[in-house]
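Today I shall speak about salt bridges, and I would ask you to keep the structure in view as I proceed.

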Amino acid sequence: MKRIAITFILGAALPALADRVPLPANAPASYQAECGSCHMAYQPALLSANDWRRTMAGLKDHFGNDAAVDSPAGQEIASFLERNAGNASKLGSAGEPPRISQTARFVRKHCKISAKYWKDPRVKSVANCEACHRGAAEGNYSEHDILIPELRR
């Protein structure tokens, strides 16, 4: 009986865990300082190691901005991202340049979101995770914690 109860509890928790992508505890301060100064410091698991390598190699023109960092910090950040990257076979291609919003996981989770919401003044961009997901910075992307009422399921 105890085994059945534990199995049921774990089974009920799995959907919630699928929307948790926490920032690893070993995140270097340089990651938050450099990357988090312009946008949310995205969880490394949202891109593959290869996509992070390409992203770090292209920081001179990072979506129209020069986001280059000094060599020691850049090496520390790159190493952290690659060590904690997501599974390439589950994420799929992130395009060129790599974009989290082009991964198969992102597309699957957001395929029913109308284009009008990406242009909504509350959202502004597909890259602005925190506009919809109140716990995005902590890695909580649950559809039950969406900030925009029209998007809650």
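I begin with Asp66 and Lys60, whose side chains meet in a salt bridge, at 3.9 Å from N to O. The term salt bridge denotes a side-chain nitrogen of Lys or Arg within 4 Å of a carboxyl oxygen of Asp or Glu. Both Asp66 and Lys60 are exposed; buried means under 20% relative accessible area, exposed over 50%, and partly exposed in between, with a 1.4 Å probe and protein chains only.

A word on the source: this is a predicted model, in which local features need pLDDT of at least 70 and side-chain atom pairs count only at pLDDT 80 or more, while totals for chains, interfaces and linings use all residues. Residues are numbered from 1 along each chain as its sequence is written, and side-chain values use heavy atoms, with hydrogens and water left out.

In total, the structure holds five salt bridges. Another of them joins Asp51 to Arg54, with the closest N and O atoms 2.5 Å apart. These two residues stand three apart in helix H3 (residues 49–57), and therefore about one helical turn separates them. Helices are DSSP runs of H or I with at least four residues, numbered from the N terminus. Asp51 is buried, at 4% relative accessibility, whereas Arg54 is partly exposed, at 28%.

Which residue forms a salt bridge with Arg54 at 2.8 Å? That partner is Glu96. Arg54 belongs to helix H3 and Glu96 to the loop between helix H5 (88–91) and helix H6 (104–110), so this pair ties together parts 42 residues apart in sequence. Glu96 is exposed, with a relative accessible area of 63%. Through shared partners, salt bridges join Asp51, Arg54 and Glu96 into one network.
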